[in-house]
Amino acid sequence: MQLSHSLRLMGTTIDIQINSKNAQKQIREVIELLELYKNRFSANDFNSELMAINNNAGIKPIQVHPDLFELITIGKEHSLARPSNLNIAIGPLVQTWRIGFSDAKLPSPSEISEAMILSDPTHILLDSNKQSVFLNQIGMKIDLGALAKGYIADKIMTYLKNEMIDSAIINLGGNVLVHGDNPNRSEGYWVIGIQHPKKKRGKNIGTVKIKNQSVVTSGTYERRLIIDDKEYHHIFDRQTGYPIQTEMASISIVSKQSVDCEIWTTRLFGLSIKEALDILNAVSYIEGIIITKDDRIYLSDGLKHHFQLFYH
């Protein structure tokens with residue numbers, strides 16, 4: 001039985017398709033898991049487990065669920081790596097700008113400076129024995145928005161694989177993860193659209209063929225703030241506190257683990273095209289597609305036979 005379901009959660013549309021003899025029961029279980037993970041990882045839900053950490057910044061360590069501890073540990077590691085534009089301690093900066101929310105604004109330079117002081121990932125203190133997290137400065141906030149959807153997708157697919165499904169595709173607002181052969185294509189590949197950065201959502205610049213992999217795209221077009229005809233996007237430069245200045249319009253990463261896609265879209269975004277491509281070709285478990293603001297497209301070596309460009 002092939003069954004599909006769509007729902008709104010975590011500020012996005014989530015689409016699930018399962019091919020399995022127990023698909024109905026598994027869809028119900030997936031919905032429950034999505035609710036559980038939303039309540040664990042959200043930086044915008046006052047009652048989430050993550051918010052308990054943020055609300056106790058500078059006060060006391062908080063013992064957390066192993067999943068949350070694991071994701072924060074992964075996030076801190078990649079926030080301290082170089083080169084990396086990923087920073088899970090960027091919560092104060094995100095909340096200062098609020099891009100993507102109805103109350104978004106252009107902060108003053110002093111507000112940005114204050115937020116930057118509180119956005120240092122070295123001040124996230126982890127105790128693996130107690131499984132506790134302590135933000136050692138009042139006002140610090142962890143934001144897992146760059147990682148959580150990928151981690152959640154991997155967890156849900158692990159559940160489905162343990163259920164011995166035939167195949168599945170999960171789309172968490174553009175974060176796509178597949179398992180098994182596509183039952184609708186003879187060669188079994190899943191064909192995933194890559195968003196055209198200059199066109200409305202759903203208009204693709206090309207497609208990439210994948211099996212048992214994830215595709216995640218990060219781009220400046222996703223959330224924007226326009227003030228006095230000047231455009232500000234939601235991907236911040238961890239050095240300046242302002243939206244990152246880059247020739248990239250988007251970067252898509254393909255990998256077996258969706259969380260790895262999330263990590264590397266953020267780590268590489270804003271690097272020079274050459275440096276980003278060199279890293280894509282050097283790191284064995286990721287491939288990538290880079291689209292520039294002037295519509296140039298760059299592929300890592302492993303994707304050259306899997307990407308199809310649409311000619312407009």
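This is a predicted model: local features need pLDDT of at least 70, side-chain atom pairs count only at pLDDT 80 or more; totals for chains, interfaces and linings use all residues.

Let me begin with T266, which touches N85, L86 and A146 once residues up to four places away in sequence are left out.

T266 is found in helix α7, residues 258–268. Is T266 buried or exposed? Its relative accessibility is 14%, and the cut-off for buried is under 20%, so T266 counts as buried. Its side chain also reaches the backbone oxygen of E262, at 3.2 Å.

Why pick this residue? UniProt, in an unreviewed entry, lists A146 and T266 under "binding site". The two are spread over 121 residues of sequence, yet they cluster in space, with a largest C-alpha distance of 7.0 Å. The annotation comes from that record, and such annotations may be inferred rather than shown by experiment.

Now the other listed position. A146 sits in the loop between β5 (132–135) and α6 (148–162). With a relative accessible area of 24%, A146 is partly exposed. Setting aside neighbours within four places in sequence, the contacts of A146 are L86, E262 and T266. L86 therefore turns up on both lists: T266 touches L86, and A146 is in contact with L86 as well.

Next, some backbone geometry. Which peptide bond is cis, with omega near -5 degrees? That is the bond from R82 to P83. P83 is found in the loop between α3 (66–80) and α4.

Helix α4 itself covers residues 91–97, and G91 lies in it. G91 has 3% relative accessibility and counts as buried. Beyond residues up to four places away in sequence, G91 touches K141 and D143. For a distance along that part of the chain, G91 and H65 are 26 residues apart in sequence, and their C-alpha atoms are separated by 20 Å.

Two residues have a positive phi without being glycine. In M10, phi is near 55 degrees. M10 is in the loop between β1 (2–9) and β2 (12–19), and with a relative accessible area of 28% it is partly exposed. In N212, phi is about 50 degrees. N212 is in the loop between β9 and β10 (214–219), and it too is partly exposed, at 39% relative accessible area.

That brings us to the sheet that contains β9. Three strands form an open sheet in the order β8-β9-β16, with antiparallel pairing. β8 (190–195) and β16 stand at the edges and each has a single partner strand, so one side of each is left without a neighbour in the sheet. From one strand to the next, the twist averages 25 degrees. How many bridges join β8 and β9? Six, in the antiparallel sense, with β9 covering residues 204–210. Within this pair, W190 stands opposite I210 in β9.

S300 lies in the loop between β15 (297–299) and β16 (307–309). S300 is buried, with a relative accessible area of 0%. Its side chain makes a polar contact with the side chain of E287, at 2.5 Å. Leaving out neighbours within four places in sequence, S300 is in contact with L277, L280, N281, E287 and G288.

Finally, the chain as a whole. It has eight helices and 16 strands. The radius of gyration is 19 Å, close to the 20 Å that the globule rule gives for 312 residues, so the chain is as compact as a globular protein of that length. Taken along the principal axes, the C-alpha atoms fill a box of roughly 55 × 45 × 35 Å. Of the 312 residues, 52% count as buried. Among contacts with a separation of 6 or more, 58% come from residues 24 or more positions apart.

Terms used:
Residues are numbered from 1 along each chain as its sequence is written. Side-chain values use heavy atoms; hydrogens and water are left out. Helices (H or I, at least four residues) and strands (E, at least two) are DSSP runs, numbered from the N terminus. Buried means under 20% relative accessible area, exposed over 50%, partly exposed in between (1.4 Å probe, protein chains only). A polar contact is a pair of N or O atoms within 3.5 Å; within protein, one must be able to donate a hydrogen and the other to accept it, and residues adjacent in sequence count only if both atoms are side-chain atoms. Contact means heavy atoms within 4.5 Å. Two strands pair if DSSP finds at least two bridges between them. Axes are lines fitted to C-alpha atoms, for helices over the stretch in contact, and angles run from 0 to 180 degrees between N-to-C directions. The radius of gyration is taken over C-alpha atoms; the globule rule is 2.2 Å times the number of residues to the power 0.38.
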